[in-house]
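Take a look at the protein below.

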Amino acid sequence: GTLTTNRMTVVQAWVAERRVIVPGTGIPRPNPRPKASVDCHRCQTELGVVQCETCRKQILCPTCNEEIHKGTWDNHVRVQLEMQQGENLFEGLEEDALKFFALACVMNCTAEEKLLSDGTTRWEGNSTEIAVLRFIQERLGLDPRNIRHAYRDGDVKTFPFNSDKKMMSSVVRNSGKLVLLVKGAPEIMLANCSRYLTYQGKAQRIDDEKRDYLKAVVTDMALLGNRVLLVAMAELTDTEFPAEEPANSELVVVAILGIQDPIRPEVPLAVAKCQRAGIFVRMVTGDNKQTAMSIAEKAGIFHKETGLALEGKEFRDLFENDPEKLKHLLPRMQVLARSTPMDKHTLVKLIQEEGAVTAVTGDGTNDAPALKLADVGFAMRSGTDIATAASDIVLLDDNFVSVVNAVRWGRNVNDNIRKFIQFQVTVNIVGVALTFIGAALSENNLSPLTPVQLLWLNLIMDTLAALALATEQPSEEL
């Protein structure tokens, strides 16, 4: 939040076997996989590119119009579908595939479109969800409001985001059947997915090769610093809405989204200033490890040669089973990914036990314990009221640079108070000593300074000079 612009945009997506790059985002095009030969579904003869030499039946490839054997849903077609750029990102995909993708995204978003006083509308809510809804609206040409309005209150049940499961789900009644729609962390959800949605809108079994490929897609997006979400679905056998969130292990992968939130251009310099000033900056985030490492590296927080990145599960295991090893690793730990709110609280406590002063930023209700425990808690203006109440300072612009400015001014106030006291003590000691020694050495026992002169010294000279020191502006050296 404080490191990035909070203007999230979907820049990459894998939807029903179509891997797309949104134009104008600057995302490099990955190298496509080489074309592989396929087998004719009828005669099992290996095909090169054009036709089966045994039965010689041909059809047109739906993407490139090249004649291939009938029914060979194959690597050739898949390569053509995988990499797509331009305006018509989803041309050629079945309507059912896009329908379930849009439905799963919209139903698992809490952001709302608000009508402003000037007659325009604006999305309000979680920035990640807003990015997903805009992608649905702009790239698929579908209105999220219409999709929501199509399902009455009795036709949908939503289960809020669970920070432990790293997912949010909804159950909708679609064509008389209950369908589970899920959105969440891909590295957690992918283990519960047994099938994926093809470009034809049909569910296909995930084999080992396909699972490795989907993991590679997630990794590729994360290494570019994108927040990665996986969207999945499953048909339920129940006829009534479940009371609790279904624990379904037969999910169908519908889409993988890469959402980019650019680093603020001023952040790397601000982080470097903190490090020069003796402040150890750590990133604690709920994003996956690759995304966190990429963003932290761009911000100057993470250094591959000397730094250490841990996931929340590793951190908790070390804290419970080997706390001494965790304390040994703590000075090198620069990134904590896939963390829970209690991980942040535990980390603050461990750092304080080492005798260090801690400052924590946070915006959510779950961040309140860590904000309260820290020596200085920074809440974001866009955060919840509970987080604001638990903090000491509110960042009005949600910017890490403001944290640096707070440190600079805090050190400046401390430095100015020290200068003020030093000046006051020096002048007063000299005045008292001069008065006492002068009176003692005087033949008439008279002080060399009259009461009026002492009053002038204290009221005029001391006050004005001390105020000049106390109001000195902060410098970069601080």
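Which residues does Gln-334 touch, not counting residues up to four places away in sequence? Gln-334 touches Phe-280, Val-281, Arg-282, Met-283, Ile-301, Phe-302, His-303, Thr-306, Gly-307 and Leu-308. Touching, or contact, means heavy atoms within 4.5 Å.

This is a predicted model, where local features need pLDDT of at least 70, side-chain atom pairs count only at pLDDT 80 or more, and totals for chains, interfaces and linings use all residues. Residues are numbered from 1 along each chain as its sequence is written, and side-chain values use heavy atoms, with hydrogens and water left out.

Stay with Gln-334 for a moment. Gln-334 sits in strand S19 (residues 333-337). Helices (H or I, at least four residues) and strands (E, at least two) are DSSP runs, numbered from the N terminus. Gln-334 counts as buried because its relative accessibility is 8%. Buried means under 20% relative accessible area, exposed over 50%, and partly exposed in between (1.4 Å probe, protein chains only). The Gln-334 side chain also reaches the backbone nitrogen of His-303 at 2.9 Å.

**The whole chain**

The protein chain has 478 residues, and 44% of them are buried. It holds 15 helices and 22 strands. Take the contacts between residues at least 6 apart in sequence: 62% join residues at least 24 apart. The accessible surface comes to about 25200 Å², and 53% of it belongs to carbon and sulfur atoms. Such areas come from the Shrake-Rupley method with a 1.4 Å probe; for residues, only the protein chains shown count as cover.

**The nonpolar interior**

A nonpolar core is a set of buried Ala, Val, Leu, Ile, Met, Phe, Trp, Tyr and Cys residues joined through side-chain atoms within 4.5 Å. The largest one has 45 residues, and Phe-101 and Phe-135 touch the most other members. Elements that each supply at least two residues include strand S1 (9-15), helix H2 (95-107) and helix H3 (127-139). H2 gives the most, with 10 residues. Leaving aside neighbours within four places in sequence, Phe-101 is in contact with Val-15, Phe-135, Ile-136, Leu-140, Val-254, Ala-255 and Leu-257. Another core, of 26 residues, lies apart; Phe-159, Val-228, Ala-232 and Ile-256 are among them.

**Charged pairs**

How many salt bridges does the structure hold? There are 19. A salt bridge is a side-chain nitrogen of Lys or Arg within 4 Å of a carboxyl oxygen of Asp or Glu. Here are some of them.

| Pair | Closest N and O atoms |
|---|---|
| Lys-210 and Glu-17 | 3.7 Å |
| Glu-245 and Lys-165 | 3.4 Å |

Glu-245 is buried, with a relative accessible area of 17%. Lys-165 counts as partly exposed, at 37%.

Glu-297 is partly exposed because its relative accessible area is 39%. Lys-304 counts as exposed, at 57% relative accessibility.

Some charged residues join in a network of salt bridges: Asp-415, Arg-418, Lys-419 and Glu-472.

Methods: A polar contact is a pair of N or O atoms within 3.5 Å; within protein, one must be able to donate a hydrogen and the other to accept it, and residues adjacent in sequence count only if both atoms are side-chain atoms.
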